[in-house]
Each structure stands twice: as structure tokens, then as C-alpha cells.
Amino acid sequence: CDSMEDFLNGSAWRRQAPDLSGRWERDSTQNIDECVAFIMAHGHDQTTSESKAKAPYIQVWKRSEQQGHGSGAWNVTTFKDDGVTPRRELTYPIGKFEEPFEGHSCLFAGVEAGQPGVALRESSWVKAEGKWSHVTTSTTPIGKEETQRTLTGDWKIMEVKRTFWAVTNPDAPVSATEVFLLKP
């Protein structure tokens, strides 16, 4: 069994964790009711939540080559609905990091428009039932979210399970599983 130090240094990760590289597109026909409820828990109304749950959600994952991020870091580009124009670029290192934000988004819906802030985040790899998942927790002004990304189907399907604990109701988490497909 590899030690945590070996894992963080990349030796276990390189041998065992899945390769998330590629263009991933959400299949918006799956688990739509779960996704709508999840988005509503972030402060959006029913109509907006339905629209966001059905909208295209496209990301490109690439291994990070930036110094200081270490093995296991990912550069993730999220695209606007057109699938071409980047709307957000972020590096997910293994460990703790901060993500500055401003304006509206699904994750920060409860924050007043134009009011900047910082999401405290932490990413890791977790192995359960023989599968590795890339897990990111985010603490924001409106609550805490955990996102688990697990590859299935010969690593061509990414199941993204999201759980949200609102600061207004931390004892009633809301979860949704999104399905992303690897595209050429």
C-alpha cells in the first residue's frame, strides 16, 4: 500500500487514479429533477434552476504543468453555452486553495451581485469501493459543497455527485448526480 506522502508526490496517483483529461459534456437529460432541486438550494428560483439544469455544461480538463501545483493538479476550463467561449478557468491543485469570485453563479447565487468574495476549496483523491474519485469541497458565504467526480464506463462517463449544505439549513443537505460524457 502506498503512503500518503507517495500519493501526494504523485507515485500512487500516477498508477491508480483515473485520467480526467478531455472534453466533458453534461448529459442534461439525466437526473433533471435532482439537478433542479440542487440549483434551487443555492438560492435560484424554479424557472432559473430548470434553465440552468438543461443548459449545456462543458468543461475541458488538462493536467497542470504550472510549477508549485505538484502532481495531480488539473487546469479546468468551463465554457459558455456556445461550447467555445471560456467563461471560467481554474487550477485544481491537490490540497487547499482559494478561488476569488464576483457576480452570479450557481455556486454563489446567494451573494449580492457585484459583491466579490473568496471560496475556500480543497481537492483530493479518495478511493472507495475500488474506484478513485476526484473530490473538491468548497466553502462559500452561502454554504459548503462537496463534488465527487468518478469515471465509469471505460472512463468515458464522469459521474459528478454534488452535495450542498446551506448555511441556512446545514442539517438538510441536497444532492444531485450529473452525468458527463467524454467527447472527441
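**Briefing: fold, cores and a pocket**

Of the 184 residues in the protein, 41% are buried. The model is predicted.

**Overall architecture**

- Read from the N terminus, the order of elements is α-α-β-α-α-β-β-β-β-β-β-β-β-β.
- The accessible surface of the protein amounts to about 10200 Å², and carbon and sulfur atoms account for 49% of that surface.
- When contacts between residues at least 6 apart in sequence are considered, 46% of them join residues at least 24 apart.

**Nonpolar cores**

- The largest nonpolar core comprises 16 residues, and the members that touch the most others are Leu-20, Trp-24, Trp-61, Trp-74, Trp-125, Met-158 and Phe-180.
- At least two residues of this core come from each of strand S3 (74–79), strand S4 (86–92) and strand S9 (157–166).
- Another core, of nine residues, lies apart from the largest one; Cys-35, Ile-39, Ala-166 and Ala-176 are among its members.
- Leaving aside residues up to four places away in sequence, Trp-61 touches Leu-20, Ser-21, Gly-22, Trp-24, Trp-74, Asn-75, Val-76, His-134, Arg-149 and Met-158.

**Second largest pocket**

- The volume of the second largest pocket is about 160 Å³.
- Its lining consists of Val-126, Ala-128, Glu-129, Lys-131, Ser-133, Val-135, Gln-148, Thr-150, Thr-152 and Glu-159.
- By class, three of the lining residues are nonpolar, four are polar and three are charged.
- Strand S6 (117–128), strand S7 (131–140) and strand S8 (143–152) each contribute at least two residues to the lining of this pocket.

**Loop residues with positive phi**

- Glu-129, one of the residues lining the second largest pocket, is located in the loop between S6 and S7.
- Although Glu-129 is not a glycine, its phi is positive, at about 50°.
- Glu-129 counts as exposed because its relative accessibility is 84%, and the cut-off for exposed is over 50%.
- Trp-155 is found in the loop between S8 and S9, and this residue, also other than glycine, has a positive phi near 65°.
- The relative accessible area of Trp-155 is 43%, so this residue is classed as partly exposed.

- Trp-132 belongs to strand S7, and its relative accessibility of 13% places it among the buried residues, for which the cut-off is under 20%.
- Trp-132 and Gln-16 are 116 residues apart along the chain, and their C-alpha atoms are separated by 7.6 Å.
- Thr-29 occupies the loop between strand S1 (22–26) and helix H3 (32–41).
- With a relative accessible area of 66%, Thr-29 is exposed.
- The C-alpha atoms of Thr-29 and Glu-178 are separated by 9.5 Å, while the two residues are 149 residues apart along the chain.

Terms used. Residues are numbered from 1 along each chain as its sequence is written. This is a predicted model: local features need pLDDT of at least 70, side-chain atom pairs count only at pLDDT 80 or more; totals for chains, interfaces and linings use all residues. Side-chain values use heavy atoms; hydrogens and water are left out. On a 1 Å grid over the protein atoms alone, a cavity is a set of points where a 1.4 Å probe fits but cannot get out, and a pocket is an open set with protein on both sides within 12 Å along at least five of seven lines; lining residues have an atom within 4 Å of a point. Grid points are joined across faces, edges and corners, and a volume is the space filled by probe spheres set on the points. Helices (H or I, at least four residues) and strands (E, at least two) are DSSP runs, numbered from the N terminus. Ala, Val, Leu, Ile, Met, Phe, Trp, Tyr, Cys and Pro count as nonpolar, Asp, Glu, Lys and Arg as charged, and the others, Gly among them, as polar. A nonpolar core is a set of buried Ala, Val, Leu, Ile, Met, Phe, Trp, Tyr and Cys residues joined through side-chain atoms within 4.5 Å. Buried means under 20% relative accessible area, exposed over 50%, partly exposed in between (1.4 Å probe, protein chains only). Contact means heavy atoms within 4.5 Å. Accessible areas come from the Shrake-Rupley method with a 1.4 Å probe; for residues, only the protein chains shown count as cover.
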